[in-house]
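Let's take a walk through a protein together, one piece at a time. Keep the picture handy and look up each spot as we get there.

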Number of protein chains: 2
Amino acid sequence: MSLAHNLSASISSSSSTFLVQTNFNSRTRNVSMKAKSIGICKCIATPQELQTAYKTKVSRNANMAKLQAGYLFPEIARRRSAHLLKYPDAQVISLGIGDTTEPIPEVITAAMAKRSHALSTLEGYSGYGAEQGEKLLRSAIASTYYGNLDIEEDDIFVSDGAKCDISRLQVVFGSNVTMAVQDPSYPAYVDSSVIMGQTGLFQKDVEKFGNIEYMRCTPENGFFPDLSTVSRTDVIFFCSPNNPTGAAATRSQLTKLVQFAKDNGSIIVYDSAYAMYMSDDNPRSIFEIPGAKEVAIETSSFSKYAGFTGVRLGWTVVPKQLLFSDGFPVAKDFNRIVSTCFNGASNISQAGGLACLSQEGLKAMQEVVGFYKENTDIIVETFDSLGFKVYGGRNAPYVWVHFPGQSSWDVFSEILEKTHVVTTPGSGFGPGGEGFVRVSAFGHRENILEACRRFKELYK
Amino acid sequence: MSLAHNLSASISSSSSTFLVQTNFNSRTRNVSMKAKSIGICKCIATPQELQTAYKTKVSRNANMAKLQAGYLFPEIARRRSAHLLKYPDAQVISLGIGDTTEPIPEVITAAMAKRSHALSTLEGYSGYGAEQGEKLLRSAIASTYYGNLDIEEDDIFVSDGAKCDISRLQVVFGSNVTMAVQDPSYPAYVDSSVIMGQTGLFQKDVEKFGNIEYMRCTPENGFFPDLSTVSRTDVIFFCSPNNPTGAAATRSQLTKLVQFAKDNGSIIVYDSAYAMYMSDDNPRSIFEIPGAKEVAIETSSFSKYAGFTGVRLGWTVVPKQLLFSDGFPVAKDFNRIVSTCFNGASNISQAGGLACLSQEGLKAMQEVVGFYKENTDIIVETFDSLGFKVYGGRNAPYVWVHFPGQSSWDVFSEILEKTHVVTTPGSGFGPGGEGFVRVSAFGHRENILEACRRFKELYK
């Protein structure tokens with residue numbers, strides 16, 4: 001390999017395409033440019049070279065080695081691709097990873113386009129913004145979603161999405177905390193905990209990581225854990241309306257949860273990314289529960305409200321009343337992490353977020369949400385009519401279908417094989433999801449209808 | 001406080017502004033909207049309440065407690081604000097945090113605006129992208145910056161910036177690695193290492209964290225560390241062209257560095273965020289050095305090339321040849337972190353990145369870089385003419401000015417107080433920066449000229 005390396009190194013010194021001219025007396029000077037690529041030297045390793053590949057002496061992070069297979073959604077994407085290879089002409093419909101499909105309302109994209117254009121003007125240009133987000137957006141989030149809840153502008157940290165903030169929160173907590181999750185739950189909670197070293201090894205017999213408290217959520221307990229059987233942990237991840245079960249906790253249940261956290265001195269990380277999908281009169285925010293600001297953080301996102309899954313914008317609320325055991329405010333450490341490990345969400349995405357929270361933007365977001373909720377109804381009715389026990393749907397864009405006694409991955413595979421529809425196996429969300437499949441309501445109407453037609457064909 | 005809480009909770013249940021209508025038969029139905037905020041109940045804590053504030057039983061992460069004061073740049077922003085309070089009419093010029101000031105070329109913003117608009121159409125909408133970045137952009141980065149270096153599209157991980165990737169790399173490494181940094185260096189390397197628990201406590205007498213190898217870079221050694229005195233570490237952070245000193249390592253120096261890493265089995269994290277500022281014939285990428293792919297990661301960014309400090313777009317190269325001691329590819333673990341803790345850069349920013357790498361975009365970026373390099377010349381000439389020893393500037397947008405025997409923070413304060421110009425104290429980058437001040441060349445031309453006029457006035 002060293003010959004190839006030498007060769008490429010000697011070529012590169014004379015052909016770098018990003019040499020800056022040393023003569024820069026004029027901003028509008030002519031710049032000579034090379035073509036993008038002048039011929040690539042491929043290193044073709046022989047089997048012998050592979051055997052003797054150089055290794056560094058850096059040990060792999062043992063926590064990384066604990067993780068199981070791939071992160072769930074890339075794994076599903078992989079299986080989808082494999083299916084497409086097998087059936088190149090199949091009309092695959094993806095109701096799997098919960099990816100939004102409907103265009104972003106124009107009032108929002110126009111604001112992002114305007115901000116983009118403005119960045120090419122002297123007056124409209126801005127460089128680094130505050131890592132915590134633009135003041136106007138923080139203020140709009142506080143007043144729109146927490147207007148009566150005594151959450152202030154500086155309690156809001158704007159981010160590039162709730163998933164990213166969950167990992168940043170884990171970095172704040174460090175490796176010496178214990179954590180609880182709903183079982184089943186969105187896999188980023190458990191995986192980020194494993195990565196930070198908060199857990200033991202994966203125990204194959206029970207399909208759980210050591211040192212995590214799995215709070216079983218089943219049809220029998222109304223998808224709210226029996227807290228009398230839950231051990232104390234430092235951190236409790238709680239998602240409502242829930243991904244994947246679609247269940248939303250009631251005010252009385254959340255009041256119990258807050259009391260449980262208070263009794264134990266725990267911190268709740270409350271994921272409300274689907275709050276706008278709520279039809280029932282349940283709390284949209286954990287901060288509607290008295291005393292929650294002393295025990296809870298809330299994370300949320302524009303992804304599922306405005307179709308921002310690719311635009312990337314979310315927020316996390318860390319009330320200044322939330323204190324570590326030594327009295328140090330959690331918000332101060334989160335602020336330090338946000339400043340050190342992050343540089344703020346894209347200013348263009350933030351312009352979009354501000355447009356989302358205008359009167360017109362809010363109405364447009366509610367229409368998008370309403371459209372997906374209609375999809376949910378169609379899916380619920382379909383499985384209902386086929387005699388399945390169906391959960392969720394009413395307060396969340398996810399339908400949680402029960403296949404008692406069957407393996408989730410088997411059901412997932414059968415549905416994919418026979419209907420070309422991608423779903424998500426419930427067991428991917430934890431052992432409590434075994435025997436369930438999550439069907440996402442994110443899709444074009446015609447795809448939802450076609451998928452339901454195929455489900456009816458398969459299960460008639 | 002509980003009365004206020006109860007009050008706000010009872011109000012909120014009836015006034016939530018993000019209730020979705022349960023009747024969603026039509027996407028264009030009328031949606032009733034409440035005003036943003038209906039009266040906020042402020043909790044006014046009495047002194048007694050403050051004393052008895054509720055604390056959770058969660059211990060603060062001990063690594064967070066090790067960090068010193070604020071992250072450098074927010075601290076400078078704080079001092080700037082305090083200065084403005086003191087002198088509300090002062091024309092403050094910021095040559096401190098290295099924030100870009102020139103508009104983004106229109107060929108790039110037009111592409112971002114176009115992508116924004118497209119997101120409101122069925123054909124142009126896209127949701128979740130690959131966490132690793134869009135294929136076209138990965139490919140364009142590989143061919144533009146590494147065209148002859150045998151770096152492939154799938155070695156490139158697109159991100160929301162180099163700073164964010166540095167923290168993600170630290171998460172990959174975990175807490176059991178040792179690290180080395182240039183001293184002085186960009187503070188995110190050390191701070192992210194402290195946060196991950198790789199270091200000991202801060203030792204006030206030497207202004208260093210325990211268990212970090214500080215590789216002193218001074219005018220005496222040409223700002224390249226004497227590797228014969230450097231202990232082995234697992235990870236070596238190396239930035240060239242350097243922030244803050246502006247020094248660029250030569251091919252022969254980088255060859256020594258790669259050999260040093262190889263001898264020690266270390267991994268180099270090479271920060272090339274200023275490579276396009278290089279005037280001399282030094283490597284733009286560590287991968288120009290034969291064998292580097294077996295020992296190095298490279299991180300870079302569009303921030304300082306295209307003014308993307310607020311747009312957020314960067315990338316990291318993790319060659320598949322780079323292996324942990326057990327033979328496991330580092331890229332696989334990085335990929336897992338990117339998939340689990342991140343969701344990809346904004347699709348709009350990525351459209352901008354692709355435009356940056358078009359023929360026209362590259363030319364436009366070089367003009368932006370050229371403009372800042374002219375600023376650099378002006379600053380270098382100014383301090384030169386005042387008899388200061390000046391370093392950097394030629395290969396980087398930073399000028400490193402020596403104030404022998406003086407405290408960096410004192411010089412910073414004096415300059416701010418007497419000229420209203422914000423710089424960066426060298427000691428903020430590590431003890432090796434004591435006695436220096438970093439002057440950033442990012443600024444409008446008239447501000448650079450005015451700042452230099454004031455410097456001449458102060459030091460004449």
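How do strand 11 and strand 12 of chain B run, and how many bridges join them? They run antiparallel, and 3 bridges join strand 11 (residues 390-392) to strand 12 of chain B. Before going on, some ground rules: this is a predicted model, where local features need pLDDT of at least 70 and side-chain atom pairs count only at pLDDT 80 or more, while totals for chains, interfaces and linings use all residues. Residues are numbered from 1 along each chain as its sequence is written, chains are lettered from A and ligands numbered from 1 in the order in which they are written, and side-chain values use heavy atoms, with hydrogens and water left out.

Back to our two strands. Helices (H or I, at least four residues) and strands (E, at least two) are DSSP runs, numbered from the N terminus, and two strands pair if DSSP finds at least two bridges between them. Gly392(B) has Val399(B) in strand 12 of chain B as its bridge partner. The two strands make a hairpin with 5 residues between them, and Gly393(B) in the turn has a positive phi of about 90 degrees. Strand 12 of chain B is also joined to strand 15 (residues 436-440) of chain B, antiparallel again, by 5 bridges. There, Val401(B) stands opposite Val437(B).

Why is strand 12 of chain B largely enclosed by the rest of the structure? Because 4 of its 5 residues are buried (buried means under 20% relative accessible area, exposed over 50%, partly exposed in between, with a 1.4 Å probe and protein chains only).

Now hop to strand 8 (residues 267-271) of chain B, where 5 of 5 residues are buried. Both faces are covered: Ile267(B), Val269(B) and Asp271(B) lie on one side, and Ile268(B) and Tyr270(B) on the other. Strand 7 (residues 235-239) of chain B pairs with strand 8 in the parallel sense over 5 bridges, and Ile236(B) stands opposite Ile268(B).

Over in chain A, helix 12 (residues 347-356) is mostly covered too, with 9 of its 10 residues buried. Among them are Ile348(A), Ala351(A) and Cys356(A).

For a contrast, find Leu201(A), in the loop between helix 8 (187-195) and strand 4 of chain A. Leu201(A) counts as exposed because its relative accessibility is 59%. Its C-alpha is 8.5 Å from that of Asn211(A), which is 10 residues apart in sequence. Last stop: Glu207(A), in the loop between strand 4 (202-203) and strand 5 (208-209) of chain A, is partly exposed at 44%.
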